[in-house]
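The account begins with its nonpolar core and then turns to a pair of packed helices.

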Amino acid sequence: ADLSGVKSQFANSGTWLSALTASGTSTSGKLMAVPYYAGSRVVIYRTDIWSKAGVTTAPTTIAELNADLDKVKAANASDPHFSAFYMPGKYWYAAMSLVYGAGGTIAEHKGGKWVAELDSAQAAQGLAEWQKLASDYSVGGATLDESTQDSVMAQGHVASIVGNGWEVGAVTAPKTGDPGLTSKLSTFPFPGTSAGNYTPSFLGGSDLAVPQK
């Protein structure tokens with residue numbers, strides 16, 4: 001149902017984030033769903049492992065991230081199960097964030113139709129950056145998605161992941177994670193191609209809609 005005329009009746013509707021509003025708005029500008037909640041993805045990393053490898057400040061560009069991961073990977077080369085950056089091969093949220101960060105997009109709305117854009121040069125650049133993370137710095141996750149990455153990180157062989165901020169709590173959960181990592185985890189925004197130009201984060205969350213029938 002079109003909720004445009006009753007938007008003001010929903011709590012906090014005057015201060016919704018633009019991305020949350022857009023997630024429930026049709027291409028014709030009608031409000032078709034109300035944002036319920038959302039979380040933003042960041043890089044969650046082991047400060048102790050990174051520091052031991054000589055990396056003490058968070059990277060601000062993709063190039064710096066790769067250089068830092070090279071150091072972390074080299075410092076832990078004796079561990080065959082180690083991932084400097086655990087990146088599952090079916091983690092589309094991470095992949096598409098890099099596509100957008102490089103200036104690409106999944107599709108564009110043209111002439112009343114959605115037109116695929118993943119074959120653009122910008123999209124290819126983003127996918128190549130994602131492939132490097134998955135191929136050069138991640139072990140054992142090529143056929144997996146992100147659903148198990150928190151428990152994998154808790155096992156102690158992973159130095160960093162991309163996840164929602166609340167996943168820090170999942171990694172350190174008493175029953176399914178390792179509470180001992182609580183003081184060793186920190187976060188930083190996923191860097192972009194240049195300093196201060198961060199890779200867009202795909203929001204994870206839910207919208208609420210009203211069925212017409």
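**Core and helix packing**

In the largest nonpolar core, which has 28 residues, Trp50, Val72, Phe85, Leu133 and Phe190 touch the most other members. A nonpolar core here is a set of buried Ala, Val, Leu, Ile, Met, Phe, Trp, Tyr and Cys residues joined through side-chain atoms within 4.5 Å, buried meaning under 20% relative accessible area with a 1.4 Å probe, protein chains only. At least two residues of this core are supplied by each of β2 (41-46), α2 (47-52), α3 (62-75), α4 and α5; α4 gives the largest share, five residues. Helices (H or I, at least four residues) and strands (E, at least two) are DSSP runs numbered from the N terminus.

The model is predicted: local features need pLDDT of at least 70, side-chain atom pairs count only at pLDDT 80 or more, and totals for chains, interfaces and linings use all residues. Residues are numbered from 1 along each chain as its sequence is written, and side-chain values use heavy atoms, with hydrogens and water left out.

Beyond its neighbours within four places in sequence, Phe85 is in contact (heavy atoms within 4.5 Å) with residues including Val43, Leu65, Leu69, Leu133, Tyr137 and Phe190. Another core, of 10 residues, lies apart from the one described; Val42, Tyr86, Val158 and Val171 are among its members.

Helix α4 (residues 92-101) packs against helix α5 (residues 121-136) at an angle of about 135°, with the axes 7 Å apart. The axes are lines fitted to C-alpha atoms over the stretch in contact, and angles run from 0 to 180 degrees between N-to-C directions.

How values were computed
Buried means under 20% relative accessible area, exposed over 50%, partly exposed in between (1.4 Å probe, protein chains only).
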